[in-house]
Amino acid sequence: MSSELLRLHEVHKHFGGQVVLDKLSFDVAAGEIVGLVGPNGSGKTTTINVISGLLRADAGTITFNGAPINALAMHRRAHLGLNRTFQVPKVFRDMSVRDNVEVAALAAHAPLDTVDAVLDEIGLRDVARRSAGSLTANQQKLLDLGRALATRPKLLLVDEIGAGLNPAELGAIAELLRRLAARGIALIVVEHLLEFLGRITERVIVLGAGRMLFEGTLAAAARDPEVVAAFIGG
Ligand SMILES: Nc1ncnc2c1ncn2[C@@H]1O[C@H](COP(=O)(O)OP(=O)(O)OP(=O)(O)O)[C@@H](O)[C@H]1O
Ligand SMILES: [Mg+2]
């Protein structure tokens, strides 16, 4: 029995004539943090989209907990314990912070005491009655993360949560992500900020034009000629 929680096998995605994911294969174990990096347009968000079910892969297999999920709609994947955040946080701006988390918990059939635990976890209990639209960019990212956490994921896909944050905010998010992993939640973290990534994981996957260029430690990636060329070219 494999310990892999998620397995991608030769996953392919194209938009019109453009190949965006090219035979992408990798595994993620339970409770593991994997960094997903690559130049702009290399397919990071598309990878998250095909895993979460926002987009369907055109070919290849995605297996979660040993079962193929390619054909499942996004909400079915969320019920299995697979959820994501968005590069641009998706929150209901006119609803309160608490209601945003509550709606996510209800949709996932999670008990409502989950909501308080999530608000504490993301540090937004004090602003729970405010409208989501009145929050800072950092708080909206935390709320987007909280909405995903309310579905009680086993695997959380995090898309550029660090972008635009100040050093203190980055430090707090790094600590939060490490805490989630310590609780057994696996994370795929898409990030351009390599220093931030280095604080939460050693293992990275590097994409270049939809292909896996490298898989290994962050330090080794930085020395890999193909990786360096992709970043300079990008
Ligand atoms: N819905 C779509 N329709 C057409 N092309 C798309 C679509 N989504 C993404 N693409 C294209 O697919 C490629 C990969 O995009 P993707 O958003 O996955 O890149 P990324 O690595 O997340 O980039 P960034 O670092 O800028 O967020 C890009 O060339 C992009 O323009
Ligand atoms: Mg992206």
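Modeller: Take α6, residues 167–182: the helix has 16 residues and reaches 22 Å from its first C-alpha to its last, close to the 22 Å expected at 1.5 Å a residue. That expected span is 1.5 Å times one less than the number of residues. Helices (H or I, at least four residues) and strands (E, at least two) are DSSP runs, numbered from the N terminus.

Colleague: Before we go on, what are the ground rules for numbering and confidence?

Modeller: Residues are numbered from 1 along each chain as its sequence is written, chains are lettered from A and ligands numbered from 1 in the order in which they are written. This is a predicted model, where local features need pLDDT of at least 70, side-chain atom pairs count only at pLDDT 80 or more, and totals for chains, interfaces and linings use all residues.

Colleague: Which residues in α6 are buried?

Modeller: I173, A174, L177 and L180. Seen down the axis of α6, these buried residues fall within an arc of 125 degrees, so they line one face of the helix. The arc is that of the directions from the helix axis to the C-beta atoms. Buried means 20 or more other C-beta atoms within 10 Å of a residue's own; exposed means 12 or fewer; partly exposed is in between, with C-beta atoms placed from the backbone.

Colleague: What covers the buried residues of α6, and which exposed residues sit on the face turned away?

Modeller: The cover includes β3 (33–37), β7 (155–159), β8 (186–190) and α7 (194–200). The face turned away from the buried side carries P167, A168, E175, R179 and A182, which are exposed. Just after α6, G184 takes a positive phi of about 100 degrees.

Colleague: You mentioned α7. Is F196 buried or exposed?

Modeller: F196 is in helix α7. F196 counts as buried, because it has 21 C-beta neighbours inside 10 Å. Leaving out residues up to four places away in sequence, F196 touches G162, L170, A174 and E191. Contact here means C-beta atoms, placed from the backbone, within 7 Å.

Colleague: And β8, what does it pair with?

Modeller: β3 and β8 run parallel, joined by four bridges. β7 and β8 are also parallel, over five bridges. Two strands pair if DSSP finds at least two bridges between them. V34 has I188 as its bridge partner in β8, and L156 stands opposite L187.

Colleague: How many of the residues of β8 are buried?

Modeller: Five of its five. A186, I188 and V190 point one way from β8, and L187 and V189 the other way. In a regular strand the side chains alternate between the two faces of the sheet.

Colleague: Switching to ligand 1. What surrounds it?

Modeller: F15, V20, G38, N40, G41, S42, G43, K44, T45, T46 and Q87. A residue is near a molecule if its C-beta atom, placed from the backbone, lies within 6 Å of it. The shell divides into two nonpolar, eight polar and one charged. Ala, Val, Leu, Ile, Met, Phe, Trp, Tyr, Cys and Pro count as nonpolar, Asp, Glu, Lys and Arg as charged, and the others, Gly among them, as polar.

Colleague: Which helix gives the largest share of that shell?

Modeller: α1, residues 44–52, with three residues. Nine of the nine residues of α1 are buried, so the helix is largely enclosed by the rest of the structure. α1 is followed by G53, whose phi is positive, near 100 degrees.

Colleague: And F15 from the shell, buried or exposed?

Modeller: Exposed, with 10 other C-beta atoms within 10 Å. F15 is in strand β1.

Colleague: What sheet order do the four strands have?

Modeller: β2-β1-β4-β5, an open sheet with antiparallel pairing. β2 (18–29) and β5 (67–68) stand at the edges with a single partner strand each, so one side of each is left without a neighbour in the sheet. β1 (residues 4–15) and β2 share eight bridges, with E4 opposite A29. β1 and β4 (residues 59–64) pair over five bridges, where L8 has I62 as its partner.

Colleague: What about the turn between β4 and β5?

Modeller: β4 and β5 form a hairpin with two residues between them, and N65 in the turn has a positive phi of about 55 degrees. Two bridges join β4 to β5. T63 has P68 as its bridge partner in β5.

Notes
Contact = placed C-beta atoms within 7 Å.
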